[in-house]
Amino acid sequence: MNKFVWPVRVYYEDTDSGGVVYYANYLKFMERARTEWLRSLGFEQDVLLNEQGLLFVVRSLQIDYLRPGRFNDWLKVHSHLLERGRASLAFAQTVRRGEQTLLCQAEVKVVCLNAQTFRPCPIPKLILAEITGDC
């Protein structure tokens, strides 16, 4: 799976007083898309936490806002794995209205952490085996 696309509807609660998607909500849309990508591979984050004591957290991101999303828009969050390290994954993510209208784009680095120590730990081999062909 080289790319993952997750649809999202813009609700009133996602907008600011100007009627456009509040900038921080794009980060929520991207987070949900990465969670759904992991779920589509057969991994639930609560199970990873409870059974393996690990979690994935955002370490860094770079985002550019290009056009506004508006109330009731149907958007698509595109996620593409750029690289994987021993304990990290880097994603390119975009949010689009339709196929052509790019609203924002980001590069997001996610790190696998030991849930008790909050120190980086290796991504489990089972997960790496599922994403081997992605980048």
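## Exercises on a predicted model

The protein has three helices and five strands (helices are DSSP runs of H or I with at least four residues, strands are runs of E with at least two, numbered from the N terminus). This is a predicted model, in which local features need pLDDT of at least 70 and side-chain atom pairs count only at pLDDT 80 or more, while totals for chains, interfaces and linings use all residues. Residues are numbered from 1 along each chain as its sequence is written, and side-chain values use heavy atoms, leaving out hydrogens and water.

### Exercise 1: the overall fold

Find the pattern that the protein follows along the sequence, then look at its radius of gyration.

Step 1. Reading along the sequence gives β-α-α-β-β-β-β-α.

Step 2. The radius of gyration is 16 Å, close to the 14 Å of the globule rule for 135 residues, so the protein is as compact as a globular protein of that length. Here the radius is taken over C-alpha atoms, and the rule is 2.2 Å times the number of residues to the power 0.38.

Step 3. Along the principal axes, the C-alpha atoms fill a box of roughly 45 × 30 × 25 Å.

### Exercise 2: the core

Which residues have the most contacts inside the largest nonpolar core?

Step 1. A nonpolar core is a set of buried Ala, Val, Leu, Ile, Met, Phe, Trp, Tyr and Cys residues joined through side-chain atoms within 4.5 Å. Buried means under 20% relative accessible area, exposed over 50%, and partly exposed in between (1.4 Å probe, protein chains only).

Step 2. The largest core has 33 residues, and Trp37, Phe56, Val77, Leu89 and Val95 have the most contacts inside it. Elements giving two or more residues to this core are β1, α1, β2, β3 (74-84), β4 (88-97), β5 and α3.

Step 3. Now pick valine 77. Leaving aside residues up to four places away in sequence, its contacts (heavy atoms within 4.5 Å) include Phe4, Trp6, Phe29 and Val95.
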